Amino acid sequence: MNEVLPANDAIEYVLGAYMFFLLMVLLYIGILGAKFQRISRDISELTDEVEAGQTGKAPAATPATPATEKADEQAEESRV
Amino acid sequence: MSSNRLKALSIATVAILVVGFALVFFWTPMDADQGFKQKIFYLHVPLAIVALLGFMAGGVEGFRHLRSGDKRHDLNSYVFIHLSVVFGVAVLVTGAIWAKASWGYWWVWEEPTLVSFLIVFLLYCTYYPFRYAIEDRDQQARYASVFAITAGAFVPLNFMAVRMAESVIHPRVFATSEGGLPDSMLFTFLICFVGIGLLWLLLVKVEMAGKQASGQVSRLRRALDPEAHGRTVGGRIAPNMETP
Amino acid sequence: MTPSRTAFAAILGKDLRTELRTMRSLPAMVLFAITTFIIFRYGLDRTTLSGSLAGGVLWTTILFAAILGINRIFVSEQEEGGFDAFRLAPVDRTVLFTAKAAALFIYLSVLELIVVPIFAIFFLDSASGLLPLIVVLAGANLGICALGTLISSMAVNSRARDLLVPLLLLPLVVPLMIAATSATAPLLEAAGPSYDKFGTWLLVMGLYDGIFCLVGYAVFDFLLED
């Protein structure tokens, strides 16, 4: 076990390399997070629009509501 | 990919990488020639090999796209190449760190594998402006496939030429992985290689899922209001999943 | 003559005749090369060159002059509807590739015929390395022409036409340049030409040319699709 941490010999460089790798992975996760947020925002925008469209047509189109709800569900499922 | 398989892939990737790196630092013996800094190779070499395999897989998908016309192959080609370019950045940085540790300089022209990787990396960096420059989507996909095939053919040629150009026989650091690599080092190397490979695969799947989601958002938009939401989500460079 | 050969001759002839009449590319390429030599003379602060320095200056200049020509090879087709006319013709589409590449090869050869002796006059102490240099020039020209034609046909349909050719061509042509300069440098040594690894580098160039001629030949069809 005395090979573990030699006080000499480039340990900063090795750790630096692995840290850089970790940094890149975390950065990528961060970018994914941002992308996910944007998509969530878009989806809530669209949901609002759909619902606004529904209430706009509500008086004449009550039978239409279950149909749009079903379409929303299907969209949700295919997204997962 | 279903969320269960994605979860399984993520867990497997993290587990294998953690085990691999733990082995690197706590189990594998020290290299006799280079000492502790040799341990960079358990990170640098798998990244490089996976990136190169990714580039060539991108070429294969390009070929399949030209053959069948199925846009999914173009999407695969793009994502493979994109992620390999990202991995390529990591290859070059870890390679530079190793060079600094070994020779004292951040870059050495005498290490042929590093130099040829740089050239390959630069070539694939041109993939993005190239795609961007072509407006028609179908043409863009076709031309991108041609690029992927040409660049794929280029990779081995380039390595050969650069290697031959090195007249001075420098102590090849990668000789440790060619000549008598002790079993313990080989084992650790393989574990790290599998881990990095799974990481690449995982990131590919995640990118695809992201593109799928963006594509569906666009379709919803357009279904709701064709005039107001004419703009495409997902940019002009990359293929998207708008048309199923 | 098979229809392909007739088409090949027709396209090549048209290109050469147009170039002869309008002199669009060649004078620019030649002037560019000569001016670049002068810039190198001052940039490097040298009045004679030999060995790898000579090879480097010569090949860099030829390569960038070639890019000027490559940029223009499909421009007339693009502007005057030549692509469409060609698509309608009952010929194998790859003939356009081979004919254009052949035209480019001829332009490059003419360029080198003019420019290499001038290079020798400017910088070289002895001209004894020039004869074997012809082989190296021919080998490199072939690769540059195959790739250049392929890339130019894609670039001509894009937004950033003049930018795309150097962007894509330069990394792709690196192995060829490695081989060409490595073969040229010993030929231009001050002490007289040496053939150190000459055959090996010619082989590498041949391999490179073979692969990319094949690739260009195979994929060109897809580039012309609508």
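C:Leu68 touches C:Ala28, C:Met29 and C:Phe32, when residues up to four places away in sequence are not counted, a contact being defined by heavy atoms within 4.5 Å. The residue lies in helix α3 of chain C, which covers residues 51-72, where helices are DSSP runs of H or I with at least four residues, strands are E runs of at least two, and both are numbered from the N terminus. With a relative accessible area of 32%, C:Leu68 is partly exposed, a class that lies between buried, under 20% relative accessible area, and exposed, over 50%, with a 1.4 Å probe and protein chains only. The C-alpha atoms of C:Leu68 and C:Ala9 are separated by 24 Å, the two residues being 59 residues apart along the chain.

This is a predicted model, in which local features need pLDDT of at least 70 and side-chain atom pairs count only at pLDDT 80 or more, while totals for chains, interfaces and linings use all residues. Residues are numbered from 1 along each chain as its sequence is written, chains are lettered from A and ligands numbered from 1 in the order in which they are written, and side-chain values use heavy atoms, with hydrogens and water left out.

**Chain B**

Chain B has eight helices and zero strands, so that, by the DSSP rule for helices and strands, its elements run α-α-α-α-α-α-α-α from the N terminus on. Of its 244 residues, 56% count as buried, and among contacts in chain B between residues at least 6 apart in sequence, 77% join residues at least 24 apart. B:Arg131, which sits in helix α5 of chain B, is buried, with a relative accessible area of 1%. Its C-alpha atom is separated by 32 Å from that of B:Trp106, a residue 25 places away along the chain.

The size of an interface is often given as the accessible area lost when the parts come together. The buried area used here is the accessible area (1.4 Å probe) that two parts lose on being put together, summed over both.

| Interface | Buried area | Share from carbon and sulfur atoms |
|---|---|---|
| chain B and chain A | about 3100 Å² | 75% |
| chain B and chain C | about 2600 Å² | 78% |

The contact between chain B and chain A takes 42 residues from chain B and 31 residues from chain A. B:Phe25, B:Phe36 and B:Leu224 supply 18% of the area that chain B buries against chain A, more than any other three residues. Three salt bridges are counted between these chains, each being a side-chain nitrogen of Lys or Arg within 4 Å of a carboxyl oxygen of Asp or Glu; in one between B:Arg221 and A:Asp42, the side chains meet at 3.3 Å, N to O. Four residue pairs, both at pLDDT 80 or more, are in polar contact between chain B and chain A, a term for a pair of N or O atoms within 3.5 Å where, within protein, one must be able to donate a hydrogen and the other to accept it, and where residues adjacent in sequence count only if both atoms are side-chain atoms. On the side of chain B that touches chain A, the elements giving two or more residues are α1 (3-26), α2 (41-68), α3 (71-103) and α8 (183-224) of chain B, and α8(B) gives the most, with 13 residues. By class, this side has 28 nonpolar, nine polar and five charged residues, where Ala, Val, Leu, Ile, Met, Phe, Trp, Tyr, Cys and Pro count as nonpolar, Asp, Glu, Lys and Arg as charged, and the others, Gly among them, as polar.

Towards chain C, the contact takes 26 residues from chain B and 30 residues from chain C. B:Tyr143, B:Leu157 and B:Met164 supply 21% of the area that chain B buries against chain C, more than any other three residues. The rule finds one salt bridge across this interface, and B:Glu135 forms a salt bridge with C:Arg159, the closest N and O atoms being 2.8 Å apart. Five residue pairs, both at pLDDT 80 or more, are in polar contact between chain B and chain C. Helices α4 (112-125), α5 (127-133) and α6 (137-165) of chain B each supply at least two residues of the side that touches chain C, with α6(B) giving the largest share, 16 residues.

**Confidence in chain A**

Chain A averages a pLDDT of 72, and 59% of the residues score at least 70, pLDDT being the predictor's confidence in each residue, from 0 to 100. Over residues 60-80 of chain A the pLDDT is below 50, and this stretch has seven contacts in the model beyond near neighbours in sequence.
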